[in-house]
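I opened a notebook for this model and wrote down what I looked up, entry by entry.

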Amino acid sequence: VTEILQLVLYGIVLGSIISLGAIGVSLIFGILRFAHFAHGDFMTLGAYFAFVGVVGLNLPMIVVFPFALGAMGLVAVVIDRSIYRFMRSSSPIIMLISSVGTALMLRSLIQIVWGPDNKIYEAGIKMPFTFMGLRIKPDQLTIVIGAFLLVVLLHLFLHRTKMGKAMRAMSDNMDLARVSGINTERVIFWTWVIAACLAAAAGIFLGIDTRLNPIMGWRLLLPVFAATILGGIGSFYGAILGGLVIGIVQELSTLFISPAYKPAVAFAIMVLMLVIRPTGIMGGKE
Amino acid sequence: MEIGGLLGYFIFFMTMAGIYGVLSLGLNVQWGYTGQINIGVAAFYAIGAYTSAILTTPASTDHLGGFGLPFVAGLAGAMVLAGLLALIVGLITLKLRGDYLAIASIGIAEIVRLFLKNEGWLTNGVRGIPAIPKPLSSLIPGGEAVLFLLVVLFFVALTYLALQRLFHSPWVRVLRAVRANEEAVQAAGKNVLRFRVEAFVLGSMIMGLGGALYAHFTTFISPSAFDPMFGTFLVWVMLIAGGSGNNRGALLGALIIWGVWSGTEIFTAKLPEDWVTRASSIRIFLIGLLLEIILILRPQGIMPERPPRPPGLREVLQRDQAQGDVSS
């Protein structure tokens, strides 16, 4: 039982990271109506931004963190303005294909700048806390708490601010939002900033938990999409729930099958969901 | 030597362009005709390559094999297996909107990649399958490269002609109609799902054929040859650059983009020593940039799609003209 609980705990850590990515994918899907394939590479780039601050400038992570998020938000807006903006009038499918191109461009840029090798934020092993036979590393606790705080912040933003309400309105009904005078370009701007910040946070957390390498985010893209679909595309809380479920099930699956097939588990859950209930747990858009 | 080397390179270049041409034609059936986004081209490409390799190689202790079947049987097997995989994926995802297929297809690609890497008994894992026979190699000593180029070009031509014929058939008219307005097609009493699955399976079978040709060309395959960059992304850029929905465009795109890809290698080879490891990243970046530029400036590609002529239009026109002549 302890072993299972331990895996669930690891699953929650992984699930928090996936959730942060899935919220972003879900937001972008809700507002811009396309599956953003460069999201994994947004995570990677965010993680490397933090790497510059932590290892290059020798600053503490807590200081670097907001700057890395901000930098990623800026990059996302620049990409949107220079690439996706020109495709808004054509079908969303074109933006999907374009985002695959963006993904590869970002990944190759990361490889050009930082090289293909693994990197870490901090050398050395920290002793895990032990609680009722369960082990959890301080870093992992930070990840879960950090992810939780970000989700609370985002919840407040979506419900208490005008921009947040505009975003939800646009996600619910694009035409209705437009006729009621919502500035769609501004909403799109903020969508990218928020989604990219969350992606950067997810990337940094993933880097803290494991290691940095140029394909770390791309590898997580499938679980992130699976979480988004599981929770219901366009649904904020669904994305969080989906992320946690995918994270936990992926970790638990190592009890039965080779860990090499972990990504396949996310895929299997996604396919199952698509067959049974394509709108997701929280009944998002079909 | 110089001439011989150049000629050898030209043959290699054209063979690879031909194989990519087959993949691009396959994707054209899915994306060009039907509007399906398959980001897992690499999966069907790899399945084709491995199936044919396993069917035609002599017995080996490293991987499943020893069937020693002829080349043509390998090709057929490759197409059947790629088609079967497509059938399963298609039946599940093609009922849903397009984005789901895109997402599911990267999942398939990832699983196929993991499978080929981890199931050593079948594929010899990362060490790959060597000694895949090259057909007709004993016919002219020393001329096997040219002969294989002819084999590839034969299959390119065959696929092209078949698809071209198909392009003017009622089947493709339905597919194009589904792409434009699904509800209308449904209202007209067509089984939309069936047409979609058929297109997806046909496209994937052609990709499987491409994979088989590749396996017999290089005579050695390992999972790294089918990474998403070479297997999927280049093919997409080829088709979009050449012209989605246009078979000639698909082939032209394969030739041009393979030329750009190979050309950038000549450029990056001139970079200073410590940049060599980054060379391939630079090339990938440039190809990505090229895709974005095409999508923004000329999304229809070099040779835009031309709708097939409706049946009998020429006859109708001739008749009208004849009547016009009479009346005037």
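For sorting lining residues I count Ala, Val, Leu, Ile, Met, Phe, Trp, Tyr, Cys and Pro as nonpolar, Asp, Glu, Lys and Arg as charged, and the others, Gly among them, as polar.

Basis. The model is predicted, so I take local features only at pLDDT of at least 70 and side-chain atom pairs only at pLDDT 80 or more, while totals for chains, interfaces and linings use all residues. Residues are numbered from 1 along each chain as its sequence is written, chains are lettered from A and ligands numbered from 1 in the order in which they are written, and side-chain values use heavy atoms, with hydrogens and water left out.

Entry: cavity. I searched a 1 Å grid over the protein atoms alone; a cavity is a set of points where a 1.4 Å probe fits but cannot get out, a pocket is an open set with protein on both sides within 12 Å along at least five of seven lines, and lining residues have an atom within 4 Å of a point. Grid points are joined across faces, edges and corners, and a volume is the space filled by probe spheres set on the points. I found one cavity of 30 Å³ or more, and the largest cavity holds about 30 Å³. Its lining consists of Ile97(A), Val100(A), Ile39(B), Phe233(B), Trp236(B) and Leu291(B). I sorted that lining into six nonpolar, no polar and no charged residues. Helix 4 (92-114) of chain A and helix 10 (228-242) of chain B each supply at least two of the lining residues. Helices here are DSSP runs (H or I, at least four residues), numbered from the N terminus.

Entry: The largest pocket contains about 960 Å³ of space. It is lined by 39 residues, and Arg107(A), Ile215(A), Arg219(A), Asp227(B) and Pro228(B) are the closest to its centre. Which helix gives the most to this lining? Helix 4 of chain B does, with seven residues. I sorted the lining of the largest pocket into 24 nonpolar, eight polar and seven charged residues.

Entry: helix 1 of chain A. I noted 31 residues (2-32) and a reach of 44 Å from first C-alpha to last, close to the 45 Å expected; the expected span is 1.5 Å times one less than the number of residues. Of the 31 residues, 23 are buried, so the helix is largely enclosed by the rest of the structure (buried means under 20% relative accessible area, with a 1.4 Å probe and protein chains only). Arg33(A) follows helix 1, with a positive phi near 65 degrees.

Entry: rings. I pair rings of Phe, Tyr and Trp (its six-membered ring) if their centres lie within 6.5 Å; planes under 30 degrees apart count as stacked, over 60 as edge-to-face and the rest as tilted. The count is 24 aromatic pairs over all chains. Tyr48(A) and Trp114(A) make a tilted pair, 5.0 Å centre to centre with 35 degrees between the planes. Tyr48(A) is in helix 2 (residues 39-56) of chain A and Trp114(A) in helix 4 of chain A, so the pair ties together parts 66 residues apart in sequence. Phe71(B) and Phe155(B) have ring centres 6.4 Å apart and planes at 75 degrees, so I logged the pair as edge-to-face.

How values were computed. Buried means under 20% relative accessible area, exposed over 50%, partly exposed in between (1.4 Å probe, protein chains only).
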